[in-house]
Amino acid sequence: MYDHDQSMAAWEPRLSDAEANAEAKRIINEAYRPVRQIPTAYRDFNPTPLIGDAEPIRQDDRRTVPAWAAGTAVASIGIGAGVTGIGCGAWLVLKGLSAMTITGVAAICAPFIGVAFAALAIGAAVSKAKASSSKHIYQGSVTKHTHVTTHTRGVLSRTHNHLHS
């Protein structure tokens, strides 16, 4: 299809060896040229004058705090104080209980046990007072008549128990 010599002739370089070497040298020098550094910050080392030309201007504090942020801050402070109080109270109670002897525990529990026994006694008395005093006395024999009916149709069977008194 294509002649090998004709296709190579179309792609032959058009630069001479000297021109190609000069172009290669230019490309290499451009690639390795140092990048110009641009400063990103500047510091002025001159001392600041104590007195300037302009008069000082009052700058009012006009920050606005959203209502939800103020509410959250107040709630956080309240919860923190409450939890701290509960923690201190628990610490005091547990420290006091850890220093107690079995006699002291019994002395502290005695009033509660007494109240519990009194409530139990009152409940038992009220329960017995509400209980019915009449008794049902049955005399004679008791019989139970049972009639069993079974229906079978196909694979299923049904059993009906009829109780007659």
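**Exercise 1.** Find how many salt bridges the structure holds, and name the partners.

*Solution.* This is a predicted model, and three salt bridges turn up in it.
- Start with Glu23, which pairs with Arg26; their closest N and O atoms sit 2.6 Å apart.
- Next, Arg26 also meets the side chain of Glu30, at 3.0 Å from N to O.
- Finally, Asp60 bridges to Arg58, again with the closest N and O atoms 3.0 Å apart.
- Now look for shared partners: Glu23, Arg26 and Glu30 are joined into one network.

**Exercise 2.** Work out why Glu30 and Arg26 are separated by about one helical turn.

*Solution.* First, recall that an α-helix has 3.6 residues a turn, so residues three or four places apart point the same way. Then count: Glu30 and Arg26 are four residues apart in helix 2, so about one turn separates them. Glu23 and Arg26 are three residues apart in that helix, which spans residues 17-31.

**Exercise 3.** Decide whether Arg58 and Asp60 are exposed or partly exposed.

*Solution.* The cut-off for exposed is over 50% relative accessible area. Arg58 has 73%, so Arg58 is exposed. Asp60 has 43%, so Asp60 is partly exposed.

**Exercise 4.** Find where helix 4 bends, and by how much.

*Solution.* Trace helix 4 through residues 102-130; it reaches 41 Å from first C-alpha to last, close to the expected 42 Å. Along the way, helix 4 bends by about 40 degrees at Cys109, and Pro111 follows within four residues.

Key:
Residues are numbered from 1 along each chain as its sequence is written. This is a predicted model: local features need pLDDT of at least 70, side-chain atom pairs count only at pLDDT 80 or more; totals for chains, interfaces and linings use all residues. Side-chain values use heavy atoms; hydrogens and water are left out. Helices (H or I, at least four residues) and strands (E, at least two) are DSSP runs, numbered from the N terminus. The expected span of a helix is 1.5 Å times one less than its number of residues. The bend at a residue is the angle between axes fitted to the seven residues ending there and the seven starting there. A salt bridge is a side-chain nitrogen of Lys or Arg within 4 Å of a carboxyl oxygen of Asp or Glu. Buried means under 20% relative accessible area, exposed over 50%, partly exposed in between (1.4 Å probe, protein chains only).
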